[in-house]
Amino acid sequence: MKFILTDHKLGISMLRKSFKSVFTAAAVTALSFGFTMGMAEAKDKLTVYTAVEPEELAGFKAAFEKENPDVNIQWVRDSTGIITAKLLAEKENPKADIIWGLAATSLLVMDNQGMLQGYAPKGLDKLDKKMYDTKNAQPHWVGQRAWIASICVNTREAEAKNLPMPATWEDLTKPVYKGHVVMPNPNSSGTGFLDVSSWMQMWGEEKAWNFMDGLHQNIAVYTHSGSKPCKMAGSGEYPIGISFAYKGAQLKNKGAPVETVAPTAGVGWDLESFAIVKGTKKLAAAQKLADWSVTRQANEMYNEAYAVVAMPGVAKEVENFPAGIADAMIDNDFSWAADNRMRILKEWQKRYDEKSQPKG
């Protein structure tokens, strides 16, 4: 009986020790979990409005956050025109902390309305001065890379339909191309606007409108994405898409029967650029993204798809990019394009919007 009682006491003692161990382990786990949650909550959530192609965003986020683990990028992505309209609509109550990879012409529109915060990123002096705002000591916008207008042609479909390879913009107004051309709507697409803006800068407004009247006769549909006309050409949905060179090169690299043409008279272009939104409560985090965005690492990543980047000496040839396209880039007056943007878009919509795809 005494042995049994002693064993019972030993059992109770062991049980108490077991409870104590479990409690201690649970407490450590809870503390660890709380610490982890605290670290997660300590991360700055940075709301970034962008028009960069969706398939690139994960890579940029991962590279930046590896260098800046205290910042968590939250992308808000759409086409250039839609993101621009969203930012302008939110002017009095901004939702974005920083704008990243949006057309410089769009950023100039916002800058004219006092929406941007000046900042000189660390390493700015290593960039080409043509690629950022030099009017202000603290630049209001900084360019990252240029996207360049071009024509994407599905060679298989063009041959089947007896369509000659276009060499100039004016070729696209020839009757043989009727119903075979797609183009981005400039009200929703930055690529569409750079096309219209560049034609006006090359030829003057009267000739440009006459050209677009002729082109409109051959347009099958206007898309709300700058890359979509090239994608449609790549899939054979339409033989010819007015788009930008990066997408044509990318599709050909993946095996699509696409030839990317840089028209001989010149090609329009714009800069994917970034700018900090005035009044952001995440200024320090936004500045970290700005600093990273001018680094050599970032420029090398930009060059994976685009042949022209802001940092001299970085760019390597992009496979299947049209030869000599950089030399065909026009002298683009970003200020003129920004100042005349709304007037041009209103007139374009009145003339041609009937062929636009439904939004959404």
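The model is predicted. The chain has 360 residues, and buried residues make up 51% of them. Its secondary structure comes to 13 helices and 11 strands. Among the contacts with a separation of 6 or more, 74% are between residues 24 or more positions apart.

- Helix α4 covers residues 104-112, and eight of its nine residues are buried, so the helix is largely enclosed by the rest of the structure.
- The buried residues are A104, T105, S106, L107, L108, V109, M110 and D111.
- The cover over these buried residues includes the helices α3 (80-89), α6 and α13.
- Strands β3 (98-103), β4 and β10 (269-277) are also among the elements that cover them.
- After α4 comes G114, which has a positive phi near 70°.

**Packing of α6 with α13**

- Helix α6 (residues 190-203) packs with helix α13 (residues 334-352) at an angle of about 105°, and their axes are 10 Å apart.
- Angles from 65 to 115 degrees count as roughly perpendicular, so α6 is roughly perpendicular to α13.
- On the α6 side, the contact is made by F193, V196, S197, M200 and Q201.
- On the α13 side, W336, A337, R341, I344, L345 and W348 take part.
- Sorted by class, the contact of α6 with α13 has eight nonpolar, two polar and one charged residues.

**Packing of α2 with α10**

- Helix α2 (residues 54-67) and helix α10 (residues 283-293) pack at an angle of about 110°, with 11 Å between their axes.
- These two helices, α2 and α10, are therefore roughly perpendicular to each other.
- Residues F60, A63, F64 and E67 of α2 meet K288, L289 and W292 of α10.
- The contact of α2 with α10 has five nonpolar, no polar and two charged residues.

**Aromatic pairs**

- The whole structure contains 15 aromatic pairs.
- One of them joins W141 and F334, whose rings are 6.5 Å apart centre to centre, with 85° between the planes, and this pair is edge-to-face.
- W141 is in the loop between β4 and β5, whereas F334 is in helix α13, so to speak of this pair is to speak of a link between distant parts of the chain, 193 residues apart.
- W141 and F334 are both buried.
- A cluster is formed by F60, W75, W100 and Y302, which are linked by ring pairs.

**Residues in the loop between β4 and β5**

- H140 sits in the loop between β4 (116-117) and β5 (142-154).
- The side chains of H140 and D111 are joined by a polar contact of 2.7 Å.
- Not counting residues up to four places away in sequence, H140 touches D111, L116, G118, D133, F274 and A275.
- D111, the partner of H140 in the polar contact, is one of the buried residues of α4.
- K135 lies in the loop between β4 and β5 as well.
- K135 counts as exposed because its relative accessibility is 70%, and exposed means over 50%.
- A polar contact of 3.4 Å links the side chain of K135 to the side chain of S335.

**The segment after α13**

- Q357 is in the segment after α13.
- The side chain of Q357 makes a polar contact of 3.5 Å with the side chain of K228.
- Leaving aside neighbours within four places in sequence, Q357 is in contact with V221, Y222, T223, H224, K228 and M232.

- Most residues other than glycine have a negative phi.
- N162 is not a glycine, yet its phi is positive, about 55°.
- N162 is placed in the loop between α5 (155-160) and β6 (181-184).
- With 65% relative accessibility, N162 counts as exposed.
- N320 also has a positive phi, about 70°, although it is not a glycine.
- The loop between β11 (308-309) and α12 (325-328) holds N320.
- N320 has a relative accessible area of 31%, so it is partly exposed.

Notes:
Residues are numbered from 1 along each chain as its sequence is written. This is a predicted model: local features need pLDDT of at least 70, side-chain atom pairs count only at pLDDT 80 or more; totals for chains, interfaces and linings use all residues. Side-chain values use heavy atoms; hydrogens and water are left out. Axes are lines fitted to C-alpha atoms, for helices over the stretch in contact, and angles run from 0 to 180 degrees between N-to-C directions. Helices (H or I, at least four residues) and strands (E, at least two) are DSSP runs, numbered from the N terminus. Angles under 35 degrees count as roughly parallel, over 145 as roughly antiparallel, 65 to 115 as roughly perpendicular and the rest as oblique. Contact means heavy atoms within 4.5 Å. Ala, Val, Leu, Ile, Met, Phe, Trp, Tyr, Cys and Pro count as nonpolar, Asp, Glu, Lys and Arg as charged, and the others, Gly among them, as polar. A polar contact is a pair of N or O atoms within 3.5 Å; within protein, one must be able to donate a hydrogen and the other to accept it, and residues adjacent in sequence count only if both atoms are side-chain atoms. Rings of Phe, Tyr and Trp (its six-membered ring) pair if their centres lie within 6.5 Å; planes under 30 degrees apart count as stacked, over 60 as edge-to-face and the rest as tilted. Buried means under 20% relative accessible area, exposed over 50%, partly exposed in between (1.4 Å probe, protein chains only).
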